[in-house]
Amino acid sequence: MDWSSKIADHIARIPRSGIREFFDLVTGRKDIISLGVGEPDFVTPWHIREAAIYSLEKGHTTYTSNYGLERLRQEIAHYVEGFFRVSYEPLKEVLVTVGVSEAFDLALRAILNPGDEVLYHEPCYVSYSPCAVMAHGVARAVPTYKEDLFALNPEVLEKAITPKTKVLILNFPTNPTGAIAPPETLEAIARICIKHDLIVMSDEIYSELRYDDVPHVSIASLPGMKERTILLHGFSKAFAMTGFRLGYACAPAPVISAMMKIHQYSMLCASITSQEAAVEALLHGKDAMIKMRDSYHQRRDYLVNRLNSMGIPCHMPGGAFYVFPDISPFGLSSNEFATRLLMEFQVAAVPGTAFGPSGEGFLRCCYATAFEQIKEACNRIERFINTL
């Protein structure tokens, strides 16, 4: 059988993840320093792992409610109200999912009809456009620019809106650029969304990782926005719980109910072990989270200053754990630069084009890597550019 002819057309057209495609080159290579995969280099704090162990020892190995453990939803609502300044009813407006990725997919499938347009700012996380296409939407990128520190320009956004536009995806702080949205920018975006009756999906997975004492502001907290915003968050980044695969969505009850319908037929529920560990993270995880954030802060400052000192222009990102240096002065494409850096000097970083065409001329470097590794990576990068 020719299976290639049997694959659904809209799936066959989706390209592989640019990140994973590049890291296929890394497999099996020795002496590689990776500034690539966006994952904390910290082990999940012990008290959270201990909660997972105790959960198993107590025999808590059953399904939970499709919505998630009631206690976890209550703690999520409490945490979101304190951190994001938005109040949600835990039993009707909170859904626990298998990572933020599932929450993202559920939300798109719950609200899109075929042909509805989804806007997202680019460079962006690799799954936004494919997920919109898999939900039979039309994905349209709104470019952001180095001159704006990769924040979304409200005027550029409004010009991209058409009568078919239904959803705007936001991600601040942003993967891959570390961009943040100043309050006045978020307020302008909110006014545009209200004017054009747009639904906002706000991916705020990096929200705790903000630096320079700049507080995080969620667009859901702005006047008139809670009712049209799906707030997506989880435990992977702030609490170093990537392998627990746990996220959540907060939104008006009709949206959560629609998302739950899909969730109950496709995933049923998230792991009870992960959910009980997440309760512990929300109750007692703040100190460890701050310690990890402070370490990222130091690494960010070192990496940005080092890149600039060697002649690679790099803005100071306001959040997340990525820098997005401009490698265009060296006359190589992003893919050429990243491939040669890997092959010749054993440093893995991701070509900016993995995050959309707007990423050409840039490189994503993740500083969730040991400090000594970052220093050595910088030494190798400097030796590489001196050969160009």
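Q: What do the buried residues of α3 pack against?

A: A predicted model can be read this way too, and this one is predicted. The buried residues of α3 pack against α10 (272–284).

Q: Which residues of α3 are buried?

A: Four names to pick out on screen: Ile48, Ala51, Ala52 and Ser55. Look down the axis of α3: these residues fall within an arc of 95°, so they line one face of the helix.

Q: Why do residues three or four places apart point the same way in an α-helix?

A: The general idea is the turn. An α-helix has 3.6 residues a turn, so residues three or four places apart point the same way. Now check the case here. The buried set of α3 is Ile48, Ala51, Ala52 and Ser55.

Q: How many residues does α3 have, and what span does it reach?

A: Helix α3 covers residues 46–57, which is 12 residues. From first C-alpha to last it reaches 16 Å, close to the 16 Å expected at 1.5 Å a residue.

Q: What follows α3?

A: Look at the backbone angles there. Gly59 follows α3, and its phi is positive, near 80°.

Q: Now the salt bridges. How many are there?

A: The rule asks for a side-chain nitrogen of Lys or Arg within 4 Å of a carboxyl oxygen of Asp or Glu. By this rule the count is 17.

Q: Which residue does Asp31 meet in a salt bridge?

A: Its partner is Arg380, at 3.1 Å from N to O. Asp31 sits in the loop between α2 (18–23) and β1 (33–34), and Arg380 in helix α13 (residues 371–385), so the pair ties together parts 349 residues apart in sequence.

Q: Is Asp31 buried or exposed?

A: Asp31 is exposed, with a relative accessible area of 53%. Arg380 is buried, at 8%.

Q: Which residue forms a salt bridge with Glu117?

A: Arg140 does, with the closest N and O atoms 3.2 Å apart. Glu117 is in strand β3 (residues 117–122) and Arg140 in strand β4 (residues 138–143), 23 residues apart. Glu117 counts as buried at 10% relative accessibility. Arg140 counts as partly exposed at 26%.

Q: Where do Lys146 and Asp326 lie?

A: The side chains of Lys146 and Asp326 meet in a salt bridge at 2.9 Å, N to O. Lys146 lies in the loop between β4 and α7 (154–160), and Asp326 in the loop between β9 (322–323) and α12 (334–345), so the pair ties together parts 180 residues apart in sequence.

Q: Which residues do salt bridges that share partners join into one network?

A: Asp31, Glu376, Arg380 and Arg383.

How values were computed:
Residues numbered from 1 in each chain as written. Predicted model: local features only at pLDDT ≥ 70, side-chain atom pairs only at ≥ 80, totals over all residues. Heavy atoms only, no water. Helix = DSSP H or I, 4+ residues; strand = E, 2+ residues; numbered from the N terminus. Expected span 1.5 Å × (residues − 1). Buried < 20%, exposed > 50% of the residue type's maximum accessible area, 1.4 Å probe, protein only. Arc of directions from axis to C-beta. Contact = heavy atoms within 4.5 Å.
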